[in-house]
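Subject: Structure handover

Hello,

Here is the structure I promised to pass on. Please open it first, then read my notes below.

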Amino acid sequence: MDLMRSTDIGRQHFPQLFEIVEDMRKSLELSARGHNVSISSLMQGKLLGTLFLEPSTRTRLSFEAAMKRMGGDFISVPAGEGSSAKKGESIRDTILTVSQYVDALVVRADSAFGTWGQSFDCPIINGGDGANEHPTQALIDAYTIYRAFGSLENLTVAMVGDLKHGRTVHSLVRLLRQNTNNTICMFGSDMPHPYIQFHNDKIVNLPDAGVLIDYLPKLDVLYMTRNQTERGSDGKEPFILNSKLANLMHPDAIILHPMPRRKEIHPEVDKNERAAYFEQSKNGVPVRMAILQWILGNGRPI
Ligand code: NCD
């Protein structure tokens, strides 16, 4: 199977997927303490391709780490400059070619290849397709939320920042809308229509920063994002979360950010009990291990 959209693994599978993530997480902890763990041979003999035609730190390295931790291997193109895209090759041709060499391929590019509906020679995992989606990030976000609240139901989530160009929020809103009782508040540039074709969902557009601040005590999750200047973000000054504002939130609420951050979360917030964005990026490895197990290991529990 391909993982092009955050809904490609349906919500009915989340309990099983998250159980695999938990197993991976615990095994990683045991392995860090020097124990032998069975996960270290799950991907033996498997080869992952990582084709990143746009910059990446977390997505690429956590996929590569995930594959290595499971005893598999990967091949990649040196960050951006090394691929034939530089010679004018189309992204489609590059994906077609590399998909012939590997067992699964993670792709990041500046075009919305996730919407092509094309199949390739191996499963393709969307590592970010332009301003469209970033499904594996949404699964990391969902797992982080699930760990904090024990559920993905009845939540009030605010998404803040460049909602027009930010692919992580596009994927997360699609994932969360599968549970129609979640309330999603939005503050920032307008999210394009295809991502918010809701049926019963509750969407609250917050018109200004004052209303967002009034909403902070009601939130379970505050999801901050940066201005996507490379995609033509309007360059407006972002809403900046500082400790004083973070402390208006409920003590059990969490603050997420897909990272990288710019100035939208002041570093003083890192010490706040609600700050969960580094835990979120740490979850990247076990979640991506579970995704690889789902796709290449047929979702078998370990
Ligand atoms: C995000 C992305 O690439 O869309 N980064 C990530 O993979 N965690 C967010 C961003 O770049 O703003």
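Start with Met 259. Met 259 is buried, at a relative accessible area of 12%. Keep in mind that this is a predicted model. Met 259 sits in the loop between β9 and α8. Its phi is positive, about 65 degrees, although Met 259 is not a glycine. The next peptide bond deserves a look too. From Met 259 to Pro 260 the bond is cis, with omega near 5 degrees. Pro 260 is placed in the loop between β9 (254-256) and α8 (277-282). For background, most residues other than glycine have a negative phi, and most peptide bonds are trans.

Asn 154 also has a positive phi, near 55 degrees, and is a residue other than glycine. You will find Asn 154 in the loop between α4 and β5 (156-161). Asn 154 is exposed, because its relative accessible area is 57% and the cut-off is over 50%.

Now the helix packing. Two packed helices are described by the angle between their axes and the distance between the axes.

Take α1 (residues 14-32) and α9 (residues 284-296). They pack at about 125 degrees, with axes 8 Å apart. The two helices are therefore oblique to each other. The crossing of α1 past α9 is right-handed. On the α1 side, the contact is made by Gln 16, Leu 17, Ile 20, Val 21, Met 24, Arg 25 and Leu 28. On the α9 side, Val 285, Pro 286, Val 287, Met 289, Ala 290, Gln 293 and Trp 294 take part. By class, the contact of α1 with α9 has 11 nonpolar, 2 polar and 1 charged residues.

Helix α9 also packs with α4 (residues 135-149). Here the angle is about 115 degrees and the axes are 10 Å apart. The crossing of α4 and α9 is right-handed. From α4 the contact uses Thr 136, Gln 137, Leu 139, Ile 140 and Tyr 143. From α9 it uses Gly 284, Val 287, Arg 288 and Ile 291. The residues of this contact between α4 and α9 divide into 5 nonpolar, 3 polar and 1 charged. Val 287 is listed in the contact with α1 and in the contact with α4.

How many residues of helix α5 are buried? The count is 10 of 10, for residues 167-176. Among them are Arg 167, His 170 and Arg 174.

Next, the rings. The structure holds 6 aromatic pairs. One of them joins Phe 113 and Trp 116 edge-to-face, at 6.3 Å centre to centre and 70 degrees between the planes. Phe 113 is buried at 3% relative accessible area, while Trp 116 is partly exposed at 28%. Tyr 277 and Phe 278 have ring centres 5.5 Å apart and planes at 55 degrees, so this pair is tilted. Tyr 277 is buried, at 1% relative accessibility. Phe 278 is partly exposed, at 47%. Ring pairs also link Phe 14, Phe 18, Tyr 143 and Tyr 146 into a cluster.

Last, Ile 240. Its place is in the loop between β8 (221-224) and α7 (243-246). Ile 240 is partly exposed, with a relative accessible area of 33%. Leaving aside neighbours within four places in sequence, Ile 240 is in contact with Leu 245, Lys 263 and Glu 264. Ile 240 and Gly 161 are 79 residues apart in sequence, and 9.7 Å apart in space, C-alpha to C-alpha.

Best wishes

Notes: Residues are numbered from 1 along each chain as its sequence is written. This is a predicted model: local features need pLDDT of at least 70, side-chain atom pairs count only at pLDDT 80 or more; totals for chains, interfaces and linings use all residues. Side-chain values use heavy atoms; hydrogens and water are left out. Axes are lines fitted to C-alpha atoms, for helices over the stretch in contact, and angles run from 0 to 180 degrees between N-to-C directions. Helices (H or I, at least four residues) and strands (E, at least two) are DSSP runs, numbered from the N terminus. Angles under 35 degrees count as roughly parallel, over 145 as roughly antiparallel, 65 to 115 as roughly perpendicular and the rest as oblique. A crossing is left-handed if the near helix is turned anticlockwise from the far one by less than a right angle, and right-handed if clockwise. Contact means heavy atoms within 4.5 Å. Ala, Val, Leu, Ile, Met, Phe, Trp, Tyr, Cys and Pro count as nonpolar, Asp, Glu, Lys and Arg as charged, and the others, Gly among them, as polar. Buried means under 20% relative accessible area, exposed over 50%, partly exposed in between (1.4 Å probe, protein chains only). Rings of Phe, Tyr and Trp (its six-membered ring) pair if their centres lie within 6.5 Å; planes under 30 degrees apart count as stacked, over 60 as edge-to-face and the rest as tilted.
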